[in-house]
Amino acid sequence: MKNILFLLLLLPLFSNATTLLSSHNKVQALRTAQPIIDKEHHIIDIGIFYTKDLLNSLSHEQLTAHIERQINAANVVMENSDLTIRRSVSYIGEYPIANQPDQAINSFLATVFNSQADQVRTLAQQFGFDYITILRPQSDENYCGWAYYDSPYALMEVGGNCTSATLGAHEWGHNDGADHDIANSSDTPLTEYGRGYNCDGNGTIMSTNHNWFTRHDFYSTPNKTVNSEVCGEENSANVVRMLNEFKDVSGHLGNRQEQPQQLANVIITTNSTIQLNEGGQASIELALVDDLGESITLDRDASVEITSQSGSALSGSDFSTLVNRINFSAGESHKTVYINTTADGIAEPAEYFSVSLRHGDIVNVSNEPLQITISESIGELNYQFSAKNISIQSEQSTQLTITRNGDLTQLSEVKLSHQLNWLTIDNEDLLFIEGQSAIVVKLSVGHLSVSSSGNLVVSSIDDSTVYDTVTVAAVLPSKEKSSGGAFFSLLLLLFSVKFLFIKASLLKNRHC
């Protein structure tokens, strides 16, 4: 197995806890990388896998933002290093092996060689990604990342003290074959000059003996200087030279997997904007098309991921998070995806969010997002029960209130329905007159031999809309249990009579 290269974060980079905390609070203000151009750039495709427990602390949107930040920083490093190499994410998915946060970082990375991870390598071939990176939370305070050098596998912590935007640039540098600076590593890189370097009081990306948040955002090269100090040596610290030499060599950098042939395109055919009321459901149509936009089918399966992105409307509160991989089976050309919005009852202006496609396997995806606008359901009538659960004893009655809200200036009618043979309602058809907001009905339970329960529903007259449901429990009255007092009183009386009888006998015998 290849030598292991890793990032030892706490001791080499920070002298004490105070430095660690102040560095942890720093924000790296890295610019936005230039767009990737296929014909101009050599692309390293990366498959990102996250452990399931990571979603306990991050939402899908936050996870995506973290990945985008790492990729952007890695490409800024490439640009600053005058390299035409770029890194790109071609897949995001759940790692098939459960995380153990207390397991040593190198031990958990070794699980990529388990048979359970075979599907990860299968996906690498399907999507054509060259590197496989795992993201997870962990309790190990010594390391933020671990990678096999000149190999596709790396692991990075998300959260804790591991907040550097260039963590990915460092770990993927190991995958490229680069090592730390010579003063902090005894491992052998892909070439003798594939090492980091320290200049002007800071290290380059692969160095480890300076502050992770203030290091130079480029790889070592003697062609770079900072304050007139050279940041590399031609034959001992020149990662830029190494990357240029291996970018076109089979089995290295972006040449580990063949890129799948793109056989079609997937587009969102729904109008560019959708408007719906709070609580409504959006229907999103996807189509498999050729380069001319004409609908086609394939003789094999093809897949694409559809995701939602918050705008003024927020995922999880205003709409349900959407992260689904959509599979077009052989012969299929269209798919429909649904996303629900939430009625929160709060008066607010119209809000929006978007839905877009990403990460196709043998298909290209449209980059045009679909915008969905949510408007408040002003004036729309809604009906609710005053309780979610009620209990009625056998041969007893109770009252239940049905309220309506919305535009109360109009007449409206709803009905109550159930399939409970023991329940009687004095008024099942409810007519709300102008200005009326509530109607009270009487519920009665007949004679019961056993306890029972079921649902009572309020719906539109034509059954097209169900507004609310209440669970009705019909119960037998509980039998009173004797405390045993009368029984023991009787025993005491019998004992007293017997005692007096015995005493009288004894007195009589004594006088004889």
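Modeller: Two strands are said to pair if DSSP finds at least two bridges between them. Strands themselves are DSSP runs of E with at least two residues, numbered from the N terminus. The model is a predicted one, in which local features need pLDDT of at least 70, side-chain atom pairs count only at pLDDT 80 or more, and totals for chains, interfaces and linings use all residues. Residues are numbered from 1 along each chain as its sequence is written, and side-chain values use heavy atoms, with hydrogens and water left out.

The sheet is open and has five strands, in the order S21-S28-S27-S23-S25, with mixed pairing. At its edges are S21 and strand S25 (429–432), each of which pairs on one side only. From one strand to the next the twist averages 25°, where axes are lines fitted to C-alpha atoms and angles run from 0 to 180 degrees between N-to-C directions.

Within the sheet, strand S27 (residues 452–460) and strand S28 (residues 466–475) run antiparallel and are joined by eight bridges. Ser459 has Val466 in S28 as its bridge partner.

Phi of Glu395 is near 65°, a positive value in a residue other than glycine. Glu395 is exposed because its relative accessible area is 53%; the cut-offs are under 20% for buried and over 50% for exposed, with partly exposed in between (1.4 Å probe, protein chains only).

Key. Helix = DSSP H or I, 4+ residues; strand = E, 2+ residues; numbered from the N terminus.
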